[in-house]
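Open the model in your viewer and keep the selection panel at hand. This tour goes from the whole chain down to single residues.

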Amino acid sequence: MDVVEKAKASMADSREVMNIRQASQYLGVSPDTLYKYVGEQKIPAFKLGNRWRFKKSRLDQWMEEKSSEMEPQAKRKQKAATKAAGQS
């Protein structure tokens, strides 16, 4: 990551309300993917005028919830893999 990218990432990180481009950079997904998630109501967003906006605090909360949903699944898969290998 060069200096300009770091500065942009830092600016996106420091904003509480982000536009689609800033939020996609913050989350590491393309704007098209983010529009898809918004359309499917998979991610917290709101409209300001006719533009989508994202609150950093809500995105952080959403990511925390998603990551804790994934942890139990990963543990179940690990147990299943261990069982399949014939270990207890």
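What percentage of the 88 residues in the protein is buried? Buried residues make up 17%, where buried means under 20% relative accessible area, exposed means over 50%, and partly exposed lies in between (1.4 Å probe, protein chains only).

Before going on, note that this is a predicted model: local features need pLDDT of at least 70, side-chain atom pairs count only at pLDDT 80 or more, and totals for chains, interfaces and linings use all residues. Residues are numbered from 1 along each chain as its sequence is written, and side-chain values use heavy atoms, with hydrogens and water left out.

**Whole chain.** Show the cartoon. The protein has 4 helices and 3 strands. Helices (H or I, at least four residues) and strands (E, at least two) are DSSP runs, numbered from the N terminus. Read from the N terminus, the order is α-β-α-α-β-β-α. Switch to the surface. The protein exposes about 6800 Å², by the Shrake-Rupley method with a 1.4 Å probe; for residues, only the protein chains shown count as cover. Carbon and sulfur atoms supply 51% of that area. Now turn to contacts (heavy atoms within 4.5 Å). Of those with a separation of 6 or more, 44% join residues 24 or more positions apart.

**The sheet.** Select residues 17-18 for β1, 46-48 for β2 and 51-55 for β3. The 3 strands form an open, antiparallel sheet in the order β1-β3-β2. β1 and β2 stand at the edges with a single partner strand each, so one side of each has no neighbour in the sheet. Strands pair if DSSP finds at least two bridges between them. β1 and β3 pair over 2 bridges. Pick Met18: its bridge partner in β3 is Phe54.

**The patch.** Next, select Val17, Phe46 and Leu48. Together they make a nonpolar surface patch of about 240 Å². Like charges are joined within 9 Å, nonpolar side chains (Val, Leu, Ile, Met, Phe, Trp, Tyr) within 5 Å. Val17 sits in β1. Val17 counts as partly exposed because its relative accessibility is 38%.

**Last stop.** Select Arg15, in the loop between α1 (3-14) and β1. At 34% relative accessibility, Arg15 counts as partly exposed. Beyond its neighbours within four places in sequence, Arg15 contacts Gln22 and Lys56. Arg15 and Lys56 are 41 residues apart along the chain, yet their C-alpha atoms are separated by 7.1 Å.

Technical notes:
Patches are made of residues with over 30% relative accessible area and no salt bridge: like charges are joined within 9 Å, nonpolar side chains (Val, Leu, Ile, Met, Phe, Trp, Tyr) within 5 Å. A salt bridge is a side-chain nitrogen of Lys or Arg within 4 Å of a carboxyl oxygen of Asp or Glu.
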